[in-house]
Amino acid sequence: MSSVRVLVGTKKGAFILTADGRRKDWTVSGPHFAGWEIYHLKGSAADPNRIYASQSSGWFGQIIQRSDDGGKTWNTPGSSPEELASPDGMPRGESNKFVYEGQVGTHKWYDGTQHPWEFKRVWHLEPSLTDPDTAYAGAEDAALFKTIDGGRTWKELSGLRQAKGALWQPGAGGMAVHTILLDPTNSKRMYIAISAAGAFRTDDGGATWKPINRGLQSKWELPDPDAEVGHCVHRIALHPSRPDVLFMQKHWNVLRTDNSGDQWNMISGNLPTDFGFPIDVHAHEPETIFVVPIKSDSEHYPLEGKLRVYRSKSGGNEWEAMTKGLPQKDCYVNVLRDSMAVDQLDSCGVYFGTTGGQVYCSPDGGDSWNAIVRDLPPVYSVEVQTLQ
């Protein structure tokens, strides 16, 4: 029987949840890297036991961790324990240096002035679909890095910042590459999303990039309705069988494109609000998508205190609330952009984590939910591996 491994990044460490294909009885391992912010961890499609994790701290910096045995043990590729030791015994964030290429330049700041680019942390890690030693890292300040030696060294794909990077501006949570999507049918094509710059696509393996934001509306943030960059994209998702079709949860609005981002169209339909962070696609139904609407950009919690996942089986516009097993009163958690994922089992499992420390699983494509773990630190990210 197949099994699943759920990788959970939180404000105070990483947790690994495992179960068999029935997804009823769960084993919890962790916290790994206790006390550290784990923005993201993700396993390799080419080698499921290879997992990359982003370990970050405002005090101690950024460390990339790697496991080669499914999360049982971890190492810091490119750095020895001695190199990471500080006099007081706390590890120093000096693993895997992330250095911007060439003339660093500036980008727009909150107040509209220009501000130098500064590396802060890695928000998202995306392993290659074919090579466990190759992975991409989405950073704040917004930049994309690549490793081809298992995380020992990282090189910036600086062509991304040439796509009008001087006009990019932080959103409320900073300015980061938070989404990286690899086209499984075209190794040269990749999509990324940046808050608050927009969505971008490369067709040449990352050498050059083009903004793909036509059709986005940002009337509260941008005075120019045709602005090519500057849109606050929260998350994008695709189904591997249709990599030209993308779905987007924007600051406001839920959208889709059927031509690789050349034109976006609104699909918010009957959602009670189209503000939210995550969006994902059913593993076997390319037109079935999931979002978690919250009240507004100033009130980051569910409407009426009812936690509801909304599902569309028609690719958008027509939505239904999935509530069975979810709290329907006095619930004021949020679900962050990287905190939803799906498994590949025959009955597709859908997972999400909350800022209240719960991780929910639906083993039946959203029809019913149960909390597989509670009382973790606030959840930053959820990824799922389906293991044979």
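The second largest pocket has a volume of about 770 Å³. Select Gly171, Ala172, Gly173, Ser195 and Arg337: of the 32 residues lining this pocket, these are the closest to its centre. By class, that lining has 14 nonpolar, eleven polar and seven charged residues.

Two notes before moving on. This is a predicted model: local features need pLDDT of at least 70, side-chain atom pairs count only at pLDDT 80 or more, and totals for chains, interfaces and linings use all residues. Residues are numbered from 1 along each chain as its sequence is written, and side-chain values use heavy atoms, with hydrogens and water left out.

Some terms for the spaces. The search runs on a 1 Å grid over the protein atoms alone. A pocket is an open set of points with protein on both sides within 12 Å along at least five of seven lines; a cavity is a set where a 1.4 Å probe fits but cannot get out. Lining residues have an atom within 4 Å of a point. Points are joined across faces, edges and corners, and a volume is the space filled by probe spheres set on them. For classes, Ala, Val, Leu, Ile, Met, Phe, Trp, Tyr, Cys and Pro are nonpolar, Asp, Glu, Lys and Arg are charged, and the others, Gly among them, are polar.

**Stop 1: the largest pocket**

Select Lys42, Glu126, Pro240, Gln344 and Glu383. They lie nearest the centre of the largest pocket, which is lined by 35 residues. About 950 Å³ of space lies here. Now colour by strand (a DSSP run of E, at least two residues; helices are H or I runs of at least four; both are numbered from the N terminus). β18 (233-239) is among the strands that each supply at least two lining residues, as are β4 (37-43) and β30 (379-387). β18 gives the most, with five residues. The lining divides into 19 nonpolar, ten polar and six charged residues.

**Stop 2: the cavity**

Select Pro272, Pro293, Pro302, Leu303, Lys306, Arg308 and Tyr310, which line the largest cavity. Its volume is about 30 Å³. How many cavities of 30 Å³ or more are there? The count comes to one. Five residues of the lining are nonpolar, none polar and two charged.

**Stop 3: the cores**

Select Leu144, Leu160, Trp168, Ile192, Ile194 and Phe200. These have the most contacts inside the largest nonpolar core, which has 31 residues. Such a core is a set of buried Ala, Val, Leu, Ile, Met, Phe, Trp, Tyr and Cys residues joined through side-chain atoms within 4.5 Å. β10 (121-127), β11 (135-140), β12 (143-147), β14 (176-182) and β15 (190-195) each supply at least two residues of this core. The largest share, four residues, comes from β11.

Centre on leucine 160. Leaving aside neighbours within four places in sequence, its contacts (heavy atoms within 4.5 Å) are Ala143, Leu144, Trp168, Val177, Ile192, Ile194, Phe200 and Trp209. A second, separate core of 18 residues includes Val4, Leu345, Val359 and Ile372. In soluble globular proteins, nonpolar side chains tend to be buried together.

**Stop 4**

Most residues other than glycine have a negative phi, and most peptide bonds are trans. Select glycine 30 and proline 31: the peptide bond between them is cis, with omega near 0°. Proline 31 sits in strand β3 (residues 27-32). Next, take glutamate 140 and aspartate 141, joined by a cis bond with omega near -5°. Aspartate 141 lies in the loop between β11 and β12.

Then check two positive phi values. Arginine 23 has phi near 60°. It is in the loop between β2 (13-20) and β3. Is arginine 23 buried or exposed? At 6% relative accessibility, arginine 23 counts as buried, because buried means under 20% relative accessible area, with exposed over 50% and partly exposed in between (1.4 Å probe, protein chains only). Asparagine 317 has phi near 75°. Find asparagine 317 in the loop between β24 (309-312) and β25 (320-322); at 41% relative accessibility, it counts as partly exposed.

**Last stop: zoom out**

Show the whole chain. The protein has one helix and 30 strands. Its C-alpha trace spans about 50 × 50 × 40 Å along its principal axes. Buried residues make up 59% of the 388 residues.
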